[in-house]
Amino acid sequence: MNSEKCCVATSEKIVDKNYWDAQYKANTIGWDLGEIAPPIKQYIDTITDKNKRILIPGCGNTYESEYLLNKGFTNITVIDIAPTLVEKLKTKFKDNKAITILLGDFFEHQGTYDIIIEQTFFCALAPALRQKYVWKMHQHLADNGILTGLLFNRNFEMSPPFGGSQKEYLALFKGAFAIVKMEMAQNSSVPRANSELFFEFKKNNQVKVTLYKLEGSTETIIQKLNALPNAINVSMSTDFMELLLVSQKEIPIEELQIIISHDKKHTIKKF
Ligand SMILES: C[S@@+](CC[C@H](N)C(=O)[O-])C[C@H]1O[C@@H](n2cnc3c(N)ncnc32)[C@H](O)[C@@H]1O
């Protein structure tokens with residue numbers, strides 16, 4: 001069933017730096033297409049300004065970067081958490097000033113980009129990190145910046161990869177990004193045919209996207225927060241520990257605390 005053979009883990013397994021590094025060490029990298037995904041190649045061919053600041057998070061062997069470099073792009077940054085892989089990339093792209101190769105956790109990275117390319121990074125993350133992913137992508141993009149790439153439109157029996165659907169993604173990104181495009185990719189690599197969505201999201205500069213840490217809260221608060229006059233989209237991580245709030249302007253924390261603290265154990269703090 002799991003033709004992607006991404007990894008050997010189940011969703012309960014901890015998918016962290018050690019996990020990913022072990023996959024590169026053992027060469028169990030079934031997700032690796034061995035080439036740039038055709039829908040991403042097609043998108044890159046439409047970018048006329050070669051000086052755009054481009055980020056590729058969870059870059060893996062980053063065939064996208066090879067393609068971008070060959071096309072003359074001058075400002076590419078890639079980041080991955082797996083040391084074994086990053087060491088290899090540093091040798092491969094040695095002395096190339098157009099690409100910056102970073103070893104680290106995307107969620108701790110700081111930087112501003114015009115375009116962020118998503119290629120099997122979102123699906124590599126535990127679903128509880130999805131709210132944080134939206135928040136971080138919004139933060140990393142310059143005004144009107146673009147988040148683009150591929151997302152699975154299916155679920156998997158073994159994870160990672162962690163799948164999803166168009167409906168889920170639209171609900172998750174709502175408000176923080178304008179949906180320029182989201183459709184079934186027509187030119188996927190053969191193993192991913194009819195299973196992935198090509199998307200192009202434009203950062204919405206007009207809103208505040210805030211992530212909060214929660215303690216003791218349940219999904220029932222979502223409705224209450226959504227009813228706030230300034231709220232555009234409220235969602236909670238699957239482990240109930242993080243809350244993503246997209247609003248017209250920042251809502252004072254005291255106001256949020258009053259709404260959720262019908263029990264003193266319930267707390268909310270800005271990330
Ligand atoms: C499924 S692989 C995809 C790699 C590459 N994008 C590709 O399509 O071949 C997921 C990648 O994300 C990296 N990764 C996972 N969590 C990360 C994090 N928090 N920060 C940076 N990289 C991460 C892993 O090391 C791995 O290389």
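Tutor: Start with Val180. Leaving aside neighbours within four places in sequence, Val180 is in contact with Glu200, Phe201 and Lys202. Val180 is found in strand E6. The model is predicted.

Student: What makes Val180 count as buried or exposed?

Tutor: Count the other C-beta atoms within 10 Å: Val180 has 12. The cut-off for exposed is 12 or fewer. Val180 is therefore exposed.

Student: How far is Val180 from Gly60?

Tutor: Their C-alpha atoms are separated by 26 Å. Along the chain the two are 120 residues apart.

Student: Now Gly149. Why is Gly149 called buried?

Tutor: Gly149 has 25 other C-beta atoms within 10 Å. Buried needs 20 or more. So Gly149 is buried. Gly149 lies in strand E5.

Student: Which residues is Gly149 in contact with, beyond its neighbours within four places in sequence?

Tutor: Ile40, Ile117, Glu118, Gln119 and Phe199. By contrast, take Ala171, 22 residues along the chain from Gly149: the C-alpha atoms of the pair are separated by 18 Å.

Student: What makes E3 and E6 edge strands?

Tutor: First the sheet. Its 7 strands run in the order E3-E2-E1-E4-E5-E7-E6, the sheet is open and the pairing is mixed. Strand E3 (99-103) and strand E6 (177-184) each pair on one side only, which is what makes them edges. From one strand to the next the twist averages 15 degrees.

Student: How do you know that E5 and E7 pair?

Tutor: Two strands pair if there are at least two bridges between them. Strand E5 (residues 141-152) and strand E7 (residues 196-203) share 7 bridges, in the antiparallel sense. So the pair qualifies. Ile146 stands opposite Lys202 in E7.

Student: Which helices go with this sheet?

Tutor: Helix H4 (residues 83-92) packs on the sheet and touches strand E2 (76-80) and E3. The direction of H4 makes about 160 degrees with that of E3. Helix H6 (residues 166-173) lies across E5, E6 and E7. H6 runs at about 170 degrees to E6.

Student: What about the sheet of 4 strands?

Tutor: The sheet is open, with the order E9-E10-E8-E11 and antiparallel pairing. Strand E9 (231-236) and strand E11 (267-270) are the edges, since each pairs on one side only. Neighbouring strands there are turned by 25 degrees against each other on average, direction ignored. E9 and strand E10 (residues 242-247) pair over 5 bridges. In E10, Ser247 is the bridge partner of Ala231.

Student: Why is Thr62 called buried, and Asn144 exposed?

Tutor: Thr62 has 24 C-beta neighbours inside 10 Å, so Thr62 counts as buried. Asn144 has 11 other C-beta atoms within 10 Å, so Asn144 is exposed. The limits are 20 or more for buried and 12 or fewer for exposed.

Student: Where are the cis peptide bonds around Pro160?

Tutor: One joins Ser159 and Pro160, with omega about -5 degrees. The bond from Pro160 to Pro161 is cis as well, with omega near 5 degrees. Pro160 is in the loop between E5 and H6, and Pro161 is in the loop between E5 and H6 too.

Student: What makes helix H5 mostly covered?

Tutor: Of the 11 residues of H5 (residues 130-140), 9 are buried. Among them are Arg130, Tyr133, Trp135 and His140.

How values were computed
Residues are numbered from 1 along each chain as its sequence is written. This is a predicted model: local features need pLDDT of at least 70, side-chain atom pairs count only at pLDDT 80 or more; totals for chains, interfaces and linings use all residues. Helices (H or I, at least four residues) and strands (E, at least two) are DSSP runs, numbered from the N terminus. Axes are lines fitted to C-alpha atoms, for helices over the stretch in contact, and angles run from 0 to 180 degrees between N-to-C directions. Two residues are in contact if their C-beta atoms, placed from the backbone, lie within 7 Å.
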